[in-house]
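These notebook entries record what I looked up in the structure shown below. Each entry takes up one topic.

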Amino acid sequence: MQLYKLRYTPARSARAEHVTHFNLFRSSTGVMAVTLSADLLPEFLSSLGDDARAIHIRGEINSKLCSVITDYDFIVDRWPDYTAAVVRVDSTTAKYPVHLGPLVSVFATQTAHLETLLRQPGVLDWSARIIFVCVDMGAMPAVVKAIDYQQKPYTVDKYLLMTVTRDTLRTRPIPDGFKITSIKPEQASVVNSLWKYNDGKHSEIYIEDIIGKLPSCCLYDADGNMVGFALNYHYGAIGMLHVLPEHRGKGYAKMIMSHLARLCLQQCEEVFVLPEEENEVSIKLQEDIGFKQQRDWQDS
C-alpha cells in the first residue's frame, strides 16, 4: 500500500485563524468539527477496525490511551457517524510542540468532507509548517485541495506500508558472543545524533521518552561495542534503524529489526514499517525478515 507525506510550508506573512477552545463548529455545508474527549477514544478506535488507511491514527489513539505520547487531539466531522478525521497536536498543551507539532494524520470515507474539515477554522493552523503523514491514495485529493486553497507550494514523499505477524516473521539469530538488549534512556543523545530527522534537543527528549516506554533493540558485539539499534515509534511503527558503518553488510540490520518486531508482537497482532518507496535496500531488508507490502485499500 502506497502512503504519502506532504510538506506544506507557508510564507512568513501568512496569518492563522485561531479558535482557542472549541468542541463543535458547523460549516455552511453541514460538515462539523468535533473534538473527541478522551472517554470517546476507545469507541473511535474500535470503529476504525483494521482499516489500513487508519493505521497511523490507530497508533496515535493507542499512544494516548496508554499514556505514551498524549500530545494529539482527535477531530471528526460529526459523531458518532463520522466520515472524516484529523489528528493534530494541540500546541498549547503539547509536551513536544516543536518535534511533533507539524505532524498531521487524516482519515476519510467521504473525501469531500475531509477537505471541508481541513479548512474549518481552528482545525489546523495554516500559518505554520504542516507535514501530513501516512496519507492514503484515496485521501490525497482532499489534502491537496485543502493545501491548494492556501495557494502555497508543497512537496510529496512516497512510502510503502509493510506489515508482519507472528506467523510471517523470520527472526535472525544473534552471533555467538554478541548480545541484544533494550536501548538505555541515557543513550538517547547518541540515537538522536544519528537520526535522519534529528532536530536537536526537541527530538532528543522525544527519543528518551519512547525509549523509556516502548520496546527497542541495541546490538553489541563480543567486545561490548555498539553495532546498531532500532526503536518503536509512539504510533506503532518500528524504525529509526541505524547500523554503524564499520558493521554494515553483515546482516546485522535484519537481526535488529527482526528481534524488535518479535518484541512488539508480544503486545500486538501486527507490526508495521514505512520505508520510502525509493529505498529498495530497506524494502528488501523488511521482506527478508517476513514483512509484506499491503495492497492499496481500493484493491482489497
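**Entry 1**

Which side chain meets that of Asp 288 in a salt bridge? I found that the partner is Lys 284, at 2.9 Å from N to O. I took a salt bridge to be a side-chain nitrogen of Lys or Arg within 4 Å of a carboxyl oxygen of Asp or Glu.

I noted at the outset that this is a predicted model, in which local features need pLDDT of at least 70 and side-chain atom pairs count only at pLDDT 80 or more, whereas totals for chains, interfaces and linings use all residues. Residues are numbered from 1 along each chain as its sequence is written, and side-chain values use heavy atoms, with hydrogens and water left out.

Both Asp 288 and Lys 284 belong to helix 8 (residues 280-288), where they are four residues apart, about one turn of the helix. Helices (H or I, at least four residues) and strands (E, at least two) are DSSP runs, numbered from the N terminus. An α-helix has 3.6 residues a turn, so residues three or four places apart point the same way. For accessibility I used three classes: buried is under 20% relative accessible area, exposed is over 50%, and partly exposed is in between (1.4 Å probe, protein chains only). Asp 288 is buried at 17%, and Lys 284 is partly exposed at 44%.

**Entry 1. Further salt bridges**

How many salt bridges does the structure hold? I recorded 12. Side chains of opposite charge can pair when their charged atoms come close.

One of them joins Lys 95 to Asp 209, with the closest N and O atoms 3.4 Å apart. Lys 95 sits in the loop between strand 5 (84-89) and strand 6 (103-108), and Asp 209 sits in helix 6 (residues 201-213), so this pair ties together parts 114 residues apart in sequence. Lys 95 is exposed, at 54% relative accessible area, while Asp 209 is buried, at 11%.

Another salt bridge pairs Lys 201 with Glu 204, again with the closest N and O atoms 3.4 Å apart. These two residues are both in helix 6, three residues apart, about one turn of the helix. I read Lys 201 as exposed at 58% and Glu 204 as buried at 15%.

**Entry 2. The buried face of helix 1**

Which residues of helix 1 are buried? In helix 1 (residues 41-48) I listed Leu 41, Phe 44, Leu 45 and Leu 48. Viewed down the helix axis, the buried residues fall within an arc of 100 degrees, so they line one face of helix 1. The arc is that of the directions from the helix axis to the C-beta atoms. Their cover includes helix 2 (55-65), strand 4 (72-76), strand 5 and strand 6. Just after helix 1, Gly 49 has a positive phi of about 55 degrees.

**Entry 3. Strand 1 and its partners**

I next looked at strand 1 (residues 2-8), where six of the seven residues are buried, so the strand is largely enclosed by the rest of the structure. Two strands pair if DSSP finds at least two bridges between them. Strand 1 pairs antiparallel with strand 8 (residues 154-160) over seven bridges, and Gln 2 stands opposite Leu 160 there. Five bridges join strand 1 to strand 7 (residues 130-136), also antiparallel, with Tyr 4 opposite Val 135.

Strand 9 (residues 162-164) is joined to strand 14 by three bridges; Thr 163 has Phe 272 as its bridge partner.

**Entry 4. Two buried polar side chains**

Asn 192 lies in helix 5 (residues 188-194) and is buried, at 4% relative accessible area. Its side chain makes a polar contact with the side chain of Asn 198 at 3.2 Å. A polar contact is a pair of N or O atoms within 3.5 Å; within protein, one must be able to donate a hydrogen and the other to accept it, and residues adjacent in sequence count only if both atoms are side-chain atoms.

Gln 187 is in the loop between strand 10 (179-181) and helix 5, and is buried at 14%. The side chain of Gln 187 makes a polar contact with that of Tyr 220 at 3.0 Å.

Notes:
Contact means heavy atoms within 4.5 Å.
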